[in-house]
Every structure is written in structure tokens, then in C-alpha cells.
Amino acid sequence: MEFSARQKNGLILAFLLASPWLLCQTWIAVEAPNKAFESMPSCELTASNCAHLGENDVYRMDENTSVIINQPVEQVWQKALDYVDDSGTSILYQSGNDSTGHYIHFVEKTIFWRIPDDVFIAVIPVSEQSCTIELHSQSRIGQVDFDVNPCLLYTSDAADDTPCVDLGGRRII
């Protein structure tokens, strides 16, 4: 199959336009490989690429947000798993059970540049009908996240005053 000069020029232009994206993907693959964390990390005090919401540790999040959820741990955990499944993310580590608590580490990626953000969820039982939730999001690349990580962990109360957690605009709890 032979290409005309116009087609060849079009292919060269397409490659030149795509090359920054391809170079970025190569750089991300080399500089930010997947690494599973088996426990909840914390943010450094001066970090601008991290957000955390937990009972004893709140960073770049609303300190008045309750982390106690008045639902059984198995129900909250299932909603967290549904969120992970629906978003099509990569799970790097998952452990736990309903009596001691659950933990998951997964990766969300930005839409165009595919820059990885590590997201962590821990759900720990308090009683048969309540649990606490701890959330952490951290960019792998760069010193600043342009407020992406706090948005991934955005929390609010639902209209019915039931505590809920909204990760990336999708209510999971």
C-alpha cells in the first residue's frame, strides 16, 4: 500500500502531535511504577500532593467531617468495592474481614495524561451497626496536585443527614 505525499504528511503530523503524550506515558511508566502499600500511609506536613481523612489524622480536608458511619462494616465495605469496580481502577492490595476491618489500595488515573493517584480506603468496625472510614489520596508524580486529591476524597452529608463519602463525584457510602 502506497501513501500519497498528503497522507504521509498527515501521518507525520499525527505522530508529532501524539509524541508529547507518548513521551509522558513512557516517563510515567519509568518514574511511577505500581507499588502496593499494605497499610494506610500518611501525608507529610508540607505535602501539596496528598490528602487524608481519618479519625486521628486530617490533612487538606475538612476537620469537622465525621468519619463514623452508622452502617454495618460489611455494607460500607461493599459500597467501597462497588465504587472501585465501577471506576475500572487497578487494585494493588486488598485485605481484611468484617470483624477486624478492611483495607484497599487502588490507582485512579487522570483522563488525558493518565497520571496515577494512589487511593486508599480503610473501613474499621466500631459496633455491629457502625464503623469508621479512613481515606487517603496521593499523587505519585509532582509536588502539587492542583487540588485533585482532596476532590477524590471529598466528603459531605447526604440530604437525609446520613453520612456519606463521595470519591470523585460518585457517592459510595
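This is a predicted model: local features need pLDDT of at least 70, side-chain atom pairs count only at pLDDT 80 or more; totals for chains, interfaces and linings use all residues.
Let me begin with strand 1, residues 50–53, where Cys50 and His52 point one way and Ala51 and Leu53 the other way, and all are buried. By buried I mean under 20% relative accessible area, with exposed being over 50% and partly exposed in between, for a 1.4 Å probe and protein chains only. Helices (H or I, at least four residues) and strands (E, at least two) are DSSP runs, numbered from the N terminus.

Residues are numbered from 1 along each chain as its sequence is written, and side-chain values use heavy atoms, with hydrogens and water left out.

Which strands pair with strand 1? Strand 7, residues 130–139, pairs with strand 1 in the antiparallel sense over four bridges, and strand 2, residues 58–59, runs antiparallel to strand 1 and is joined to it by two bridges. Two strands are taken to pair if DSSP finds at least two bridges between them. For individual residues, Ala51 has Ser137 of strand 7 as its bridge partner, and His52 has Tyr59 of strand 2.

Arg60 has a positive phi of about 60° although it is not a glycine. Arg60 is placed in the loop between strand 2 and strand 3, the latter being residues 68–69. Its relative accessibility is 29%, so Arg60 counts as partly exposed.

Now to the overall arrangement. The protein has three helices and 10 strands, and along the sequence these follow the pattern α-β-β-β-α-β-β-β-β-α-β-β-β. Of the 173 residues in the protein, 39% are buried.

I turn next to helix 2, residues 73–87. Helix 2 has 15 residues and reaches 21 Å from its first C-alpha to its last, close to the 21 Å expected at 1.5 Å a residue. That expected span is 1.5 Å times one less than the number of residues in the helix. Which residues of helix 2 are buried? They are Val73, Val76, Trp77, Ala80, Leu81, Tyr83 and Val84. These residues cover an arc of only 150° around the axis, and therefore lie on the same side of helix 2. The arc is that of the directions from the helix axis to the C-beta atoms. On the other side of helix 2, Asp85 and Asp86 are exposed. Just after helix 2, Gly88 takes a positive phi of about 65°.

Strand 4, residues 90–97, pairs with strand 5 in the antiparallel sense over seven bridges, with Gln94 standing opposite Ile104 of strand 5. Three residues lie between strand 4 and strand 5 in their hairpin. Strand 5, residues 101–109, is mostly covered, with eight of its nine residues buried. Strand 5 also pairs with strand 6 in the antiparallel sense, over eight bridges, and His102 has Val123 of strand 6 as its bridge partner. The hairpin formed by strand 5 and strand 6 has six residues between them, and Arg114 in the turn has a positive phi of about 60°. Arg114 is not a glycine, and at 35% relative accessibility it counts as partly exposed.

Ile91 lies in strand 4 and is partly exposed, with a relative accessible area of 40%. The C-alpha atoms of Ile91 and Asp118 are separated by 9.8 Å, although these residues are 27 apart along the chain.

Finally, the pockets. Rolling a probe the size of a water molecule over the atoms shows where empty space is left. Here, on a 1 Å grid over the protein atoms alone, a cavity is a set of points where a 1.4 Å probe fits but cannot get out, and a pocket is an open set with protein on both sides within 12 Å along at least five of seven lines; lining residues have an atom within 4 Å of a point. The largest pocket has a volume of about 380 Å³, a volume being the space filled by probe spheres set on the points, which are joined across faces, edges and corners.

Which residues lie nearest the centre of the largest pocket? Phe37, Asn49, Gln138, Ser139 and Arg140 do, out of the 19 residues that line it. Strand 6, residues 116–127, and strand 7 each supply at least two residues of that lining.
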